[in-house]
Amino acid sequence: MTSQPQPPLLSSSHLLGIAGLSPSEITALLDLAETYVAQGRSGDKKTALLNGRTLINLFFEASTRTQSSFELAGKRLGADVLNMSVKTSSVSKGETLIDTATTLNAMRPDLLVVRHHDAGAAELLSHKLDCCVINAGDGAHEHPTQALLDALTIRRRVGGFEGLVVAICGDVLHSRVARSNLRLLSMMGARVRLVAPRTLLPAQAERFGVEIFTDMKAGLEGADIVMMLRLQLERMAGAFVPSVREYFRFYGLDRTKLAWAKPGALVMHPGPMNRGVEIASDIADDVEVSLISEQVEMGVAIRMAVLDALSRTIPREGRNV
Amino acid sequence: MMRPVAFKNVRLIDPASGLDAKGGLLVDNGRIADIGPRLFNDAEPSDPEVIDARGLALTPGLIDARVFTGEPGSEHRETLESASAAAAAGGVTTMVVMPNTNPVIDEPSLVDFILRRAAGTAKVRVQPCAALTKGLKGEVMTEMGLMREAGAVAFGDVDRTVANARVLRRALAYAATFDALVVGHAEDPDLTAGASATESEFATRLGIPAAPAEAEAMIVARDIALVEMTGARYHFGQVSTRASLALIAAAKARGLPVSCGVSAHHLALNELDVGPYLTFRKVRPPLRSEDDRAAMVQGVADGTIDIIVSSHEPQGADTKRQPFAAAAAGSVGLETLLPAALALAHDGSAPLARVIDALSTAPARIFGLAGGTLAKGAVADLTLIDLDEPFQLDAAMLHSRARNTAFEGRKFQGRAKMTFVGGQCVFDGR
């Protein structure tokens, strides 16, 4: 059982996107997550903070890493965790997202983590549910915990964001990770670049206050952080790029291209990786430059921080002890 | 026999004759028996029902050239009867109903079905637009001649662009044989596949699948070329971009028989009104940039856009309460058509007479319908309008079965007070 009521960290009881956060809220979440990094590395990883709380992981898209990260975060905080994977086909066969939400609401969860293939799904659920809603990815809109964990990883390695040059490379068009990251990093004072072929850049991307590059050499020059994005296989083979080998030739990160960035530049990837498509294996596995494993560790800590912060907005009297 | 109806002290607005003056109008036997500024000044007809409408405007009944109902096939959304109640309450005396029902209205017996159902249930006139191609598939042309005889007033595949230019060329040439009106939809089907918004910074921020606005004008250009080849009378059911208007204005200047409509939504709202994924504002074509919206208003004012439509499209909670990309497009609009259009006159964007013309006289002319005029002898389809009454839209007050309005909570100025079809009062909101 928790002893002291914790001070609130967030103004909202939902985490729908980075767009709804202020720089001070982001800093507070990162600071809180630091304590959970320490806890995760200690012998006793578990606390009773969320004892009696129910966390539902509602995933309309398959996800191993995000779902298990939230599950572990919930369990380490003492919550009861229920994983629900909903095949999209059964939903499109009649039950609407709202119906699903109403059903879930009747189970009285305290926290709901949702991933959905359509932008705005988490926002829609937040209007219909009485619990805290956490967006674990909605279409090509936002994936806020990914951006927060990336920020935590960066801050721990390089100390801060002001003036940092971050090149986000690859399928920006379809990427919620890119959208959340560019929002967060710009807000915290970093200089964000997007590097991609024209077919994988969203309309009016330059209006986001970022620099756009279609040439990887120019885009990586002087970059402190190279953030690679996953290129989904169904988007290759002629639809957005002509072939895997052509994509790797011009946009896949290998030693030659990495040498264009600032000496000592670090490489990130939200996973899962397509080795040999957007990133060469030897870079992905090089612990000197790759932060990929660290990102996963920070993922659990960030999600613990988010669950902790949001649970502080739940009224105590509703709690069933 | 109906009693004659005498309107006294009304502001008569008749775009067909250019009349805009105080006066009176007499309805007898379903027709306009007399009209004039000095009518009833000296004597009143014997035993009429007198409507002293001081301060109100009397116009030809409004004609909405783009109405979707759910009949047949989706009666839970809207029937001809429920749509007609909404129409009457919105001052609309004639609805041109779209053929994308289930089954599709693509053969004479189904045209006949619509007309018979309407005769039995609807409060206002119903005129069917039939499909241009069988099943709206864009492959085989329909029996336009027979369906015209059955009562279809136009032919079109509604919200689908006929992708195959050869099919459309032949359909237009065949339609021209009968001088039939073809109603087209301009959205490149490949560019717009899967899209629910106009490509823009805003859509990028929301992460909604989007298509470029140019997808409209490129089909407008193609279809104008086909009109030039075939001589068919062609009406773009809805346009929404400045680029489309430039092409249509140029085609009209060359004397081509093209016309176009715009929905009230595209006059009143822009892409930003989607806000945080408001699916009730998801329409087709999607809401456009402010520059395109302003071009639509200007197009109505200068007459490049001939008519204003509601594009009334009923949807249920099952199809609307979804994530934005999955939600159905469309908004009900019969009851907001007039108030939304009047905003153009109130804010000085377009003369009132032009607005009424776009709502009545022009659609009557283009679709070849009775009404659209206050001339002596014309059918007494009339709308009595309070041009100034302010109100805030409450979806719960709508008469249509579906309540998916894009205008929930919007403040309007002006609304229909009474609606007459063939001299008979079908709505009295006084």
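**Strands, rings and buried residues**

Reply: In chain A, strand β5 (residues 165–169) runs parallel to strand β6 (residues 191–195), and five bridges join the two. This is a predicted model, where local features need pLDDT of at least 70 and side-chain atom pairs count only at pLDDT 80 or more, while totals for chains, interfaces and linings use all residues. Residues are numbered from 1 along each chain as its sequence is written, chains are lettered from A and ligands numbered from 1 in the order in which they are written, and side-chain values use heavy atoms, with hydrogens and water left out.

Me: What makes something a strand, and when do two strands pair?
Reply: Strands of a sheet pair through backbone hydrogen bonds, either parallel or antiparallel. Helices (H or I, at least four residues) and strands (E, at least two) are DSSP runs, numbered from the N terminus. Two strands pair if DSSP finds at least two bridges between them. Here, C169(A) stands opposite V195(A) in β6(A).

Me: In which order do the strands of the open sheet in chain A come?
Reply: Its five strands follow the order β7-β6-β5-β8-β9, with parallel pairing. At the edges of this chain A sheet stand β7 (211–213) and β9 (266–268), each with a single partner strand, so one side of each has no neighbour in the sheet. From one strand to the next, the twist averages 20°.

Me: Which helix packs on the sheet?
Reply: Helix α6 (residues 144–158) of chain A does, touching β8 (225–228) and β9 of chain A. Contact means heavy atoms within 4.5 Å. The direction of α6 makes about 165° with that of β9(A). For such angles, axes are lines fitted to C-alpha atoms, for helices over the stretch in contact, and the angles run from 0 to 180 degrees between N-to-C directions.

Me: Which strand does β10 of chain B join?
Reply: Four bridges join β10 (residues 181–184) to β13 (residues 233–236) in chain B, and the two run parallel. V182(B) stands opposite Y234(B) in β13(B). Strand β13(B) is also joined, by three bridges, to the parallel strand β14 (residues 258–263) of chain B. There, H235(B) has S259(B) in β14(B) as its bridge partner.

Me: How do I read aromatic pairs?
Reply: Rings of Phe, Tyr and Trp (its six-membered ring) pair if their centres lie within 6.5 Å; planes under 30 degrees apart count as stacked, over 60 as edge-to-face and the rest as tilted. By this rule there are six aromatic pairs over all chains. In one of them, F391(B) and F412(B) are 5.6 Å apart centre to centre with 35° between the planes, a tilted pair. F391(B) lies in strand β16 (residues 382–392) and F412(B) in strand β17 (residues 411–421) of chain B, so the pair ties together parts 21 residues apart in sequence. The ring centres of F407(B) and F412(B) are 5.4 Å apart and their planes stand at 80°, so this pair is edge-to-face. F391(B), F407(B) and F412(B) form one aromatic cluster.

Me: Is T66(A) buried or exposed?
Reply: Buried means under 20% relative accessible area, exposed over 50%, and partly exposed in between (1.4 Å probe, protein chains only). At 5% relative accessibility, T66(A) counts as buried. T66(A) is placed in helix α2 (residues 65–76) of chain A. Leaving out residues up to four places away in sequence, T66(A) touches F59(A), R115(A), A136(A), H143(A) and R303(A).
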